[in-house]
Amino acid sequence: MSQSMRQARGGRIDRRQTLNFSFDGKALTGFAGDTLASALLANGIHLVGRSFKYHRPRGFLAAGSEEPNGLVDIDRGNGRSAPNLRATQVELYEGLVARSQNRWPSLAFDLSEVNDLAPAGLLGAGFYYKTFMSPRGAWHHLYEPFIRRLAGLGEAPKIADADSYAHQYAFCDVLVVGAGAAGLAAALAAGETGASVMLVDEQAELGGGLLDERSASIDGIPASAWLDVTLSRLAGMDNVTMLPRTQAFGYYAQNLLGLSERLTEHLADTGTSPRERLWKVRAKQVVLATGAIERPLVFPDNDRPGVMLASAARTYTNRYGVLPGQRAVVFTADDTGYAAALDLHHAGVAIAMIADLRPVAGGPGHAAALAAGLPMVSHAVVNAVSGRRRVSGVQLATLDANSVLTNLRALSCDLLLMAGGWTPAVHLFSQSRGKLSYDATRQIYTPGTYAQEARSAGACNGTFELTAALDEGANGARSYAASGAIAPSGGFHGAVPTTQNPQKIKAFVDFQNDVTAKDIKLAVREGMHSIEHIKRYTTTGMATDQGKTSNMNGLAIAATALDKAIPDIGLTTFRPPFTPVTFGTLAGPARGDLLDPVRQTPMHDWAAANGAVFEDVGQWKRAWYYPQPGEDMHAAVNRECLAARSAAGLFDATTLGKIEVVGPDAATFMEKLYTNPWQKLGVGRCRYGLMLNEAGFVMDDGVIGRMAEDRFHVTTTTGGAPRVLAHMEDYLQTEFPELKVWLTSTTEQWAVIAIQGPKAREILEPLVEGIDISAEAMPHMSLREGTICGVPTRLFRVSFTGEIGFEVNVPADYGRAVWEAIHAAGTPHGLTPYGTETMHVLRAEKGYIIVGQETDGTVTPSDLSLDWAIGKNKADFVGKRSLRRPDLLKPDRKHLVGLLTADPKIVLEEGAQVTLEANPATGTSALGHVTSSYWSASLGRSIAMALVAGGKQRTGETLYVPMPSGGIAVAVTEHIFFDKEGSRINA
């Protein structure tokens, strides 16, 4: 098909470079610089999709990111695809293959169009809430799958995305979002101060609305010439970074903005370059110059292909050299409708009529159209649209003094333009938590109270006049050093009067979600009086559209139905992203092996070579147990437990979190973050540390050693390492910034080898140099520095088994060598490597807790009988005040207890409920649950720990653990089962 609707000259496209592409299998051509949308229109194609719910024929409404209809699937080769891309933002490249969506068997003949013929109200707002309530369970198994097949947009890709994506962090003094007139002026002014500036715009070419202008001038020169000069000046500034094809999609706390940059999306051959880049930019000052979005007008059948925003028609005509139609009717409520009519008239499009909704038309646009001899009528409305797959005509009517429609007349046309005024694009401002202000005179929302260091300039600030927008942009940026679309007013919103039967017509408010004016009125009749409720009931402004073209019309119709002013019914929330962002961009390099990195200790390969079975703990691979030939897990664990109790066990504890807390105020900081006292802890001594959150609940624990007066070696649970470091940093930066303390994660810098058992000292002593590890010189809970096997070591005498224990910390690179040396030295003494399962059994025998297993986020130190770990004379620590709350002092709280089954061979299931009765009645509340349960080879019986209501007062009671085969009787005991006196640990 030839480009039948391409103008012979004009536009900013490169006519020297013809590009071949296809749409629904049809071979077409366009030019370099085209979007898919402009190329389709150049080929005379208006029907590009089917609507979400009714499957009505749809064409292009807009020309930019606000486009709700023209969503396509782009074939990316090798069976891959990218669905739901706006054809208005897809840049044309050689060989591009595009497909329409949400139709079957074809775009021109879609069987689901029968939905549009359904009786009035059958598929109206909230129909699924009322229709699919019974029979029970039918929604998930019958209705939902059917509706999902019938409605919706594109199909999710079934093949993994092979493209790569990049992430980048950046900082700047001024971030300017939007490169229209106001944004360019802001960037130039800020750049001239010497500030570091980033200028970003979603379009491939910087210039915003200036790219659509045919005759505008700035400072006495054509707008295009001013644009070229300004861009050249900006390009010559080393302190200015310009990023076209970059969408600012989210505005977050502390002036952090998310940007999505399309790097190779517009290229046929991307090579190995990333497809997109996610920028995370922190700016001292943000200038929002995001322009404004033209409003559609709400009238019967306003969604037909060929019904288009007037600004979009100007874009296609002036920027891309495309005639969007041959004979046009312009339906306008402000002066920009006349600008579109003049531009199309100049390009050779016949203007059948300019129908002005206003009672009295005026302004420079009206005067220019009058001088050009264009036909026009005031106080007129479009009452009907003829044609289904393409507009073929309209019915116009005029409003008399009583707003009654008269003088109906039909006009033939293939293009109907809507100019309903302009809505400032305040999405990013709203995301920044700024408060909007309603301008009742112009019927628009504009930025009001700012929550962050930002300014708005140009049309997004309600400044539609070009010269004023330029000044506003420049002044806003200069104030740090310290556009957008051109439109004369907010314009009209709401539904246009009609003589047609309201029960039979569809006048669309939200084109993407198939929401009509009738749907909004129905929501009001059914009790939805808040705009947020109306939004959810009708789906207006939801999904990827986020109210770009529908928000103000929806508000106006709802307000009229409620007989209230627009501000009185509230305002919907604009949520990021402003436009959709691919999952690949958000994930960046975090995919495949990098999605959830597998962390291995230095001893991992040794464990694997020696038959270890591994389990995943957080991101770590940890040796679970070491089976010998013929052993199952239970036999291996029993053997490992007995070896650790009778001789010695060797355990890889590298995964414990390790944080270096250093500085003159290190002890003071520790006092505030942990329940225990630290000021008087001697150098070379260790202490069990307990960390609470603000609510007074146990958050983490670990052994902490004092290396020097100003240095602590802090260990955390394996899974808690990043959480604890973030918690420390949070308090250090926000609550205790006066403290001179530095925090450094050293988890991966130290390999940790634990030797536990009666022979641990005997095995370790010959290998250690410069450290006396005798019981007298190095008692339990002490640490020393020296060497082992010639390697520097931090040697801790600590135990998580209740036996004599040492933890050898060496630089990670030496971990395996030292492990192998210890293993070789210990083998003659019966040294046995053991895994995490044995570690769990040994610690449970001693009643030692594991945070996350004996705790559930609601457990206090007292619940765990850890009152001794709270410094009684401490003035304060995180969580202290909460411990005094009455609810945390109740005697019926769940306490940690031990459970011994009446039949010692029965091992309880972890997580099982604990009740008063063997077979409790349905609905009976449980007293608690089993937290840990194991077979103890050392004791020859099962043991368990549990959180039980009032557990401290229940010692000696018989409770039950209900199971399908019947209740299991258990005796409540204290939770220390082995060596209660602690004689072995201190030997």
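How many of the 7 residues of strand S43 are buried? Let's start there. One caveat first: this is a predicted model.

The count is 6 of the 7, across residues 791-797, so strand S43 is largely enclosed by the rest of the structure. Now its partners. Strand S42, residues 782-788, runs antiparallel to S43, and 7 bridges join the two. S42 and S43 make a hairpin, with 2 residues between them. Check Cys-789 in that turn. Its phi is positive, about 55°.

S43 also pairs with strand S44, residues 805-811. That pairing is antiparallel too, over 3 bridges. Here Phe-796 stands opposite Glu-807 in S44.

Which face of H18 is buried, and what covers the buried residues? H18 covers residues 721-734, so count 14 residues. From first C-alpha to last, H18 reaches 20 Å, close to the 20 Å expected at 1.5 Å a residue. Its buried residues are Ala-721, Val-724, His-727, Met-728, Tyr-731 and Leu-732. Look down the axis of H18: those buried residues fall within an arc of 135°, so they line one face of the helix. On the other side of H18, Pro-722 and Gln-733 are exposed. The cover over the buried residues of H18 includes helix H17, 666-673. It also includes strands, among them S35 at 657-662, S36 at 686-692 and S37 at 698-708. Strands S38, 711-716, and S39, 742-745, are part of that cover as well.

Now a single residue. Cys-641 sits in helix H16, residues 633-646. Is Cys-641 buried or exposed? At 1% relative accessibility, Cys-641 counts as buried, because the cut-off for buried is under 20%. What does Cys-641 touch, leaving aside neighbours within four places in sequence? The contacts are Thr-838, Val-841 and Leu-842. Cys-641 and Glu-837 are 196 residues apart along the chain, yet their C-alpha atoms are separated by 9.5 Å.

An open sheet of 5 strands has the order S2-S1-S7-S5-S6. The pairing is mixed. Its edge strands are S2, 26-32, and S6, 80-86, and each pairs on one side only. The twist averages 35° from one strand to the next. Zoom in on one edge. S5, residues 71-77, pairs with S6 in the antiparallel sense over 5 bridges. Within that pairing, Asp-75 has Ser-81 in S6 as its bridge partner.

Technical notes:
Residues are numbered from 1 along each chain as its sequence is written. This is a predicted model: local features need pLDDT of at least 70, side-chain atom pairs count only at pLDDT 80 or more; totals for chains, interfaces and linings use all residues. Side-chain values use heavy atoms; hydrogens and water are left out. Two strands pair if DSSP finds at least two bridges between them. Helices (H or I, at least four residues) and strands (E, at least two) are DSSP runs, numbered from the N terminus. Axes are lines fitted to C-alpha atoms, for helices over the stretch in contact, and angles run from 0 to 180 degrees between N-to-C directions. The expected span of a helix is 1.5 Å times one less than its number of residues. Buried means under 20% relative accessible area, exposed over 50%, partly exposed in between (1.4 Å probe, protein chains only). The arc is that of the directions from the helix axis to the C-beta atoms. Contact means heavy atoms within 4.5 Å.
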